[in-house]
Amino acid sequence: MTQRIPRLLPTSWTTAGNATPQSADERSPLTLPDRIAAVAAGGWQGFGLVHDDLVEFLRTGSLDDLSALLGDHGITHLELEFLGDWWTTGDRRDASDRMRRELFAAAERLGARTVKVAPATLEEPIDRDRFFEEFNRLATEAAAHGTRVALETLPFSTSTPRLEDGIELVTEVGNPAGGLCVDIWHVHRGNTDYSVIRDRLPVEHLFVVELDDAAAEAEGTLWEDTVHRRLLPGAGAFDVPEFINAIRATGYDDIWGVEIISRTHRSLPLEDALSRTRAATLECFAEADRRLTAGA
């Protein structure tokens, strides 16, 4: 059985160099033109962009400039991130709403199909009904801007720690512009069996898929493990080919994100980091194809 080469998107952190999520300043030390050029030259089809880097680019450029930059390099799929606190009130909500407006405006002008959004991660009581209502409101607003929102379940979340919780959210809300970001790291560390993907994940709400790998057990806290010790697909204990085939079984046929966040990855020259990441990812797809063929 012949499988076509998958379309791949390096998430923002995969191309950001020495930058880490949730730091005081998430901006990459690398320029967006250099990152986009390296991604295009490396054979990727998509690009991920975090809010701080978008704001930095817009200090001297425009959304029209960024659109032209992506188009000139043949980047066909843009993904924006990472909106948090959209369910809160007060000062946190005010800051979230500013980011929300900026991300949705950028998505509309740049044709970004998806904005990734965060669940609750602080140790605070979460009103389930309010959380669900706010997610529905967020998705409806996204649709008005020609985009959609993908909530990423996180094992250290207080609202949606497991994929099962995310499935419950999107199916109960039922908003066509509200879906999920399914990252293998979070699925594995959340102790969710891949059969849940095959049997329960509705493809119409599967907006983003992300690949990576890690050791069998978390090293340090879950947060330390996820931002410092991820591995290339196939280099750890996760069964990445099985995850790929579980996702395929849902009927998913879209671009695949690859999210490598680690000290090792951050220390590499960008072209080297992208080359290693793409080669490892394609080998996992080749193994997934071999398994499908063997089981045919």
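The paragraphs below lead through this structure from the whole chain to a few of its residues.

The model is a predicted one, in which local features need pLDDT of at least 70 and side-chain atom pairs count only at pLDDT 80 or more, while totals for chains, interfaces and linings use all residues. Residues are numbered from 1 along each chain as its sequence is written, and side-chain values use heavy atoms, with hydrogens and water left out.

The secondary structure of the chain comes to 13 helices and eight strands, where helices (H or I, at least four residues) and strands (E, at least two) are DSSP runs numbered from the N terminus. A compact globule of 296 residues would have a radius of gyration near 19 Å, and the 18 Å of the chain agrees with this; the radius is taken over C-alpha atoms, and the globule rule is 2.2 Å times the number of residues to the power 0.38. The C-alpha trace spans about 55 × 40 × 35 Å along its principal axes. Of the 296 residues, 51% count as buried, a word that stands for under 20% relative accessible area, with exposed meaning over 50% and partly exposed in between (1.4 Å probe, protein chains only). If one takes the contacts (heavy atoms within 4.5 Å) between residues at least 6 apart in sequence, 79% of them join residues at least 24 apart.

At the N-terminal end, H11 is capped by aspartate 239, a side-chain oxygen of which lies 3.2 Å from the backbone nitrogen of glutamate 242. H11 is followed by glycine 251, whose phi is positive, near 100°.

Leaving aside neighbours within four places in sequence, arginine 198 is in contact with Glu242, Asn245, Ala246 and Ala249. With glutamate 242 there is also a polar contact between the two side chains, at 2.7 Å; a polar contact is a pair of N or O atoms within 3.5 Å, of which, within protein, one must be able to donate a hydrogen and the other to accept it, and residues adjacent in sequence count only if both atoms are side-chain atoms. Arginine 198 and glycine 251 are 53 residues apart along the chain, and their C-alpha atoms are separated by 9.4 Å.

Asparagine 175 is buried, with a relative accessible area of 8%. Its side chain makes a polar contact of 2.8 Å with the side chain of asparagine 136, and another polar contact, of 3.0 Å, joins the side chains of asparagine 175 and threonine 140. Outside the four places on either side in sequence, asparagine 175 is in contact with Asn136, Ala139, Thr140, Val170 and His205.

Phenylalanine 135 is found in helix H6, residues 128-144, and is buried, with a relative accessible area of 1%. Not counting residues up to four places away in sequence, phenylalanine 135 touches Trp86, Val149, Leu151, Leu169, Val170, Val173, Gly178 and Gly179. Leucine 66, by contrast, is 69 residues from phenylalanine 135 in sequence and 29 Å from it in space, C-alpha to C-alpha.

Some details of the backbone remain. A cis peptide bond, with omega about 10°, joins glutamate 81 and phenylalanine 82, and phenylalanine 82 has its place in strand E3, residues 77-83. Glutamine 22, although not a glycine, has a positive phi of about 65°; this residue is in the loop between helix H1 (12-15) and helix H2 (32-41) and counts as exposed at 56% relative accessibility. Asparagine 191, also a residue other than glycine, has a positive phi near 60°, lies in the loop between H8 and H9, and counts as exposed at 64% relative accessibility.
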